[in-house]
Amino acid sequence: MAITQAMCTSFKVELLSGGHNFNTTNVARSADTADVFKIAMYTSSATLGSTTTAYSVTNEVSGTGYTAGGNTLTISQVPTSSSTTAFLDFADTTWSSATITANGALIYNSTNSNTAVAVLAFGGDKTSTNGDFSIIFPSADASNAIIRIA
Amino acid sequence: MILDGIDFKVNTTSGRGFTPEELAERALDKIMYVSKDANPLIREQAEVFKGHIKEVLIKYLKQAVQSDRTTLANKLREAGHSDLIKILEI
């Protein structure tokens, strides 16, 4: 059992198939509405990595202040580009007044059948006890943004 | 090519929330990023400016906390729980 950080391979394929929409304007398909992306957290018993294809409740974190399925992410930077790199970013997310222990997380598209986007490995157990548990995403630029295509 | 290098942080607290100083540090990382490859002189100036911005953020975050406690104290008073106001350390 291990959580290995990765951009899920299925996500890459689905991107090329138009399976994920992060933007609110000039959307090629249907209405100008971005898909809903969520982040769920998992215990060290979970097996997650590049081959993960969808959200699962198996070994998902449970505890005070955490609801199955995780938090809905806010797209803080809609898809844009700088030089030759396209990127987007999410706003930081926090579970408040939470008593939980997590070893990693999965970003997934709840609009598109909960398909996986990326796995975040925390590098060990992280715990909050009657406190705040925050995942802080990097700066929204071509060198650091959470999702970049170069 | 999709980049797999994902850089993020996980911050947790126990028995408390985040302090203005901790939140200011996070906000600062969003406001400005100083490249490790920047010219040393420019980098130095940017770091000084970053430090100044951090102090401003901390000052106003603390003020926001204090202001919210004032609001909470008034709500407690209006609800007849004046004895609980001292917990807020106003």
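**Exercise 1. List the buried residues of helix 2 of chain B, then check the helix's length and ends.**

Solution. The buried residues of helix 2 of chain B are B:A46, B:K50, B:I53, B:I58 and B:A73. Buried means under 20% relative accessible area, exposed over 50%, partly exposed in between (1.4 Å probe, protein chains only). Helices (H or I, at least four residues) and strands (E, at least two) are DSSP runs, numbered from the N terminus.

This is a predicted model: local features need pLDDT of at least 70, side-chain atom pairs count only at pLDDT 80 or more, and totals for chains, interfaces and linings use all residues. Residues are numbered from 1 along each chain as its sequence is written, chains are lettered from A and ligands numbered from 1 in the order in which they are written, and side-chain values use heavy atoms, with hydrogens and water left out.

Step 1: the cover. Helix 1 (20-31) of chain B is among what covers those buried residues.

Step 2: the length. Helix 2 of chain B runs over residues 40-78, which is 39 residues. The expected span of a helix is 1.5 Å times one less than its number of residues. For helix 2 of chain B that gives 57 Å, and the end C-alpha atoms are 57 Å apart, so the two agree.

Step 3: the ends. B:N39 caps the N-terminal end, with a side-chain oxygen 2.8 Å from the backbone nitrogen of B:L41. Just after the helix, B:G80 takes a positive phi of about 80 degrees.

**Exercise 2. Find what covers the buried residues of helix 1 of chain B.**

Solution. Start with the residues: B:P20, B:A24, B:R26 and B:L28 are buried. Their cover includes strand 6 and strand 7 of chain A, together with strand 1 and helix 2 of chain B. Now the length. Helix 1 of chain B has 12 residues and reaches 16 Å from first C-alpha to last, close to the 16 Å expected.

**Exercise 3. Describe the interface of chain A and chain B.**

Solution. Count contacts (heavy atoms within 4.5 Å). 32 residues of chain A are in contact with 22 residues of chain B. A:D132, A:I136 and A:R148 supply 25% of the area that chain A buries against chain B, more than any other three residues. Buried area is the accessible area (1.4 Å probe) that two parts lose on being put together, summed over both. Here the chains bury about 2,400 Å² between them, 53% of it on carbon and sulfur atoms. For the complex, the predictor gives an ipTM of 0.86 and a pTM of 0.88.

**Exercise 4. Is A:E14 buried or exposed? What does its side chain contact?**

Solution. Locate A:E14 in helix 1 (residues 9-16) of chain A. A:E14 has a relative accessible area of 19%, so it is buried. Its side chain makes a polar contact with the side chain of A:H20 at 2.7 Å. A polar contact is a pair of N or O atoms within 3.5 Å; within protein, one must be able to donate a hydrogen and the other to accept it, and residues adjacent in sequence count only if both atoms are side-chain atoms.

**Exercise 5. Which residues have the most contacts inside the largest nonpolar core?**

Solution. That core has 41 residues, and A:M41, A:F90, A:L120, A:F122 and A:I135 have the most contacts inside it. Strand 2 (37-42), strand 5 (85-90), strand 6 (93-109) and strand 7 (115-136) of chain A each supply at least two of its residues. A nonpolar core is a set of buried Ala, Val, Leu, Ile, Met, Phe, Trp, Tyr and Cys residues joined through side-chain atoms within 4.5 Å.
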